[in-house]
Amino acid sequence: MENNNTLLIKNVIFPDKSKKDIYIENGYIVRIACGINKKTKYKIDCCGKKAILPGLINGHTHSAMSFLQGYADDLALKKWLEKKIWPVEKQMRPEDIYWATKLACLKMIKTGTTCFNDMYWMPEISIKAITEMGLRAIIGLSLIDILPGGDKKVVEKNWRIFKAHNYRNISFSIATHAIYTVCKKNLVWAKNFAKKNNLLLHIHLSETKEEVDDCIKKHGMRPVEYLDKIGFLGKNCILAHSIWLSDKEINILKIRKCNVVYNPCSNMKLGSGIFPYPKLNKANINICIGTDGSASNNSLDLFEEMKFASLLQKAYNKNSAIMSTKEIFNITTQNAANALRINSGIIKIGKLADLVLIDLKNICLIPNHNFLSNLVYSCNGSCVSDVICNGKILMRNRRIKDEDKIIKESQKRIKILFNKNKGRSKNKGRSKNKKDNISVSVNAVIYYKIIHAEKAILEVQRLYHAVSQLAQTTMRNAVGQVSLDQLLSERESVSESIRTIIDKATDAWGIKVDNVELKDITLPEEMKRVIGRQAEAEREKRAIIIKAEGEVIAANNMAKAACTLANSSGALHLRTLQSLNDISSDQSNTIVFAIPLEVLRAFETISNKGNKDKILLSKKSENQ
Ligand SMILES: [Zn+2]
C-alpha cells in the first residue's frame, strides 16, 4: 500500500467505452476528464488497456472465517454451525482472527472488493487487520447470547473506545447474530443503542425454514413479524439471507425500508433455500449481495457471486430475463453502498475513490461484445489488475504488499488451530484427572442387559446411544475424582463406582448394568517420561538404603571381633602376624615396622657393643 494523497489514473476505459483520466485527491474523485495534466505523487497510465469499475461491495460476510474454507461441506446450517464451525471458532485466539482477517482481505483485494460488511467477534483485532490492509469495512459489534464477549456490556465498552477514533475506512454496526441466538431483551437493547448512536443493525434473518418454524413455535409469529413487533426493524437494518419470507413479511420490510442481503452461494451450499428476488425487487426493497463467510461459500470473489446470483434466479423462476447484468452489477455496487451508508458504488466526482481496474487483455474478456456481460458471466477475480481504496493503491498489477507474509503466517496459524481442534474432538474417552491435573485417555467396556424391554423402548430414545453417553460422562466424573496413582492401582474399585452410578441411573430405562471394565489407560507422553524418571529414582533410593543397612551390620560385626581380640592375650599379635603374612604375599608392598626405642636399648645393653641409637629397618622391596 502506497501512502498517497494524490493519484492520477490516465487513459482508462469507462464502462461506456470512453477513455478518460481520473484525478484523485485525499481519497475522493476530484476530476474526470480527457488529458488531465496534473503533477501527482502517484500515477497509473492504463494506455487504454484497462477498464475502471467502482469497487465491489460485499454486503454480508464473516472475514475471519477464511481459515474455515472447505472445512465443513455438505451439511445443513444448524448441524454445520453446532458440530463443525462453532467448536473451531471457540478455539480461535486473537492471532488467528488477525491473520484470518488479513487473509480474507487479501482474497477480497485480489478479486476487486473494496468494502465489506463484517460480522465477527474481537472487533479490535479485525479493525487492526483491515486498517493495515487498507480496505473499507463496516465492523459489527457482536451481540450473541451463547458466546463469551458477545454481551451488551462489551458492545458498550467497545463502542466507547472505537467512537473516539476517527477511523477513515471503518464504520460500525451492532451485529445481533440472529433471533435464535439473541434474546428479545437484547434485541430491543441493540435497536435502541443503534438508534441512539446512529449505527447500522446487522442480523441473520430467516435463513432456514427451521428458523421460521422455531420462531412460530416460540413467539407465535414469523421472524419479521416478531422483529417488527419489538420495534427492531428500520432503514438501518441489514438483513442477511431473508429467504423464508411471507408476502406479509415482505410488505413489513418495504414499510420499514429495510435492506436485505442475497447470499446465493452460501444459501445453495447449505441447502437453505432460494432468495425471493422477484417479490423483493417488486416491493422496491434495497437488495445487496454477500458472500457470507468463507466456510459456507467457499470463496470471497464477488464476480463469481454475481454470476451465481443471476443464474440461480433465472433457473428457479424459469425466466431468463430476471436479474439482468445491469441489475446484479448495481446490487453489488450502488445498492450496497446505499445500504451501508458509504459514499461510493459509482464513479463520479465527489465520490470516494474506491476503484478497481480490469485488465482488458485478460482472456476472460475476449471477445468483448458487451463489457457488463463479460463482467457478470465471464470474469472472475483474476481479471482485476489494480485496486484503489480511499485513493490509495492496494494492489498494483496484481501484487499486494506483504501478501507472501500473510499467506505464510496464515498457513502456520491454520496448522496450529486445526491440530488443536483435532485433539479436542477426538477426546471422547479423555478425562482430566482433577486431583492431580493429569489428562488420561481411558477406554472402558460396559456390560448390561435389558430386564424390562417395555421401559427400554418407551422410556428412552436411542437406548444404546443414551447408555453410551451416560457411561462416558460418568466415567469422566469418576476418573476425575481420583489421583493417577489411585486410578492405576485401584482400577477395580473405580470401575465398581462407575458401575453403581450407571446402574442406578439406568434403572428407569429397564437396564441392569453387570460390569464396567476399565481397559486401556493411556497417559500422555510427557507423563510417561515423568513416571519413568520417578521409577528410576525409586530404584536408586532402594539401592542406597540397602548399602547403608549392610554397612551398619558390618560395623557391628567388626566391633564384636575387636572385643574378642582385645580379651584374649596374644590374639592381637597373631592377627598382626597373619596380616603381615597376607601383605607380604604381594611383592609390590613395602612394610615398615615401628619398634619402640626402649626395646632397642635393651638389645644394646645385652650386646654391650652398640653406640648408636638405631631403628632397625627391615626392608623388603622389589629391588632386593
Ligand atoms: Zn452469515
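**Loops, zinc donors and a helix contact**

Me: Where is methionine 323 placed?
Reply: Methionine 323 is in the loop between α11 and α12 (helices are DSSP runs of H or I with at least four residues, strands are runs of E with at least two, and both are numbered from the N terminus). The model is predicted, so local features need pLDDT of at least 70 and side-chain atom pairs pLDDT 80 or more, while totals for chains, interfaces and linings use all residues. Residues are numbered from 1 along each chain as its sequence is written, and side-chain values use heavy atoms, without hydrogens and water.

Me: What is the phi of methionine 323?
Reply: Its phi is positive, about 50°, although methionine 323 is not a glycine. Most residues other than glycine have a negative phi.

Me: Which residues of α11 and α12 meet?
Reply: From α11, Leu302, Met306 and Ala309 touch Ile328, Phe329 and Thr332 of α12; contact means heavy atoms within 4.5 Å.

Me: New topic: which protein donors does the zinc ion have?
Reply: They are His60 (NE2), His62 (NE2), His204 (NE2) and Asp292 (OD), at 2.1 to 2.3 Å from the zinc ion. Donors are N, O and S atoms within 2.8 Å of the metal (3.2 Å for Na, K and Ca), and sites may look incomplete because water is not among the atoms.

Me: How are the donors spaced along the chain?
Reply: The spacing is H-x1-H-x141-H-x87-D. Histidine 204 in strand β10 (residues 200-205) and aspartate 292 in the loop between β13 (286-289) and α11 are 88 residues apart, a pair that links distant parts of the chain.

Me: And which residues does a cis peptide bond with omega about 0° join?
Reply: That bond joins asparagine 297 and asparagine 298, and asparagine 298 sits in the loop between β13 and α11.
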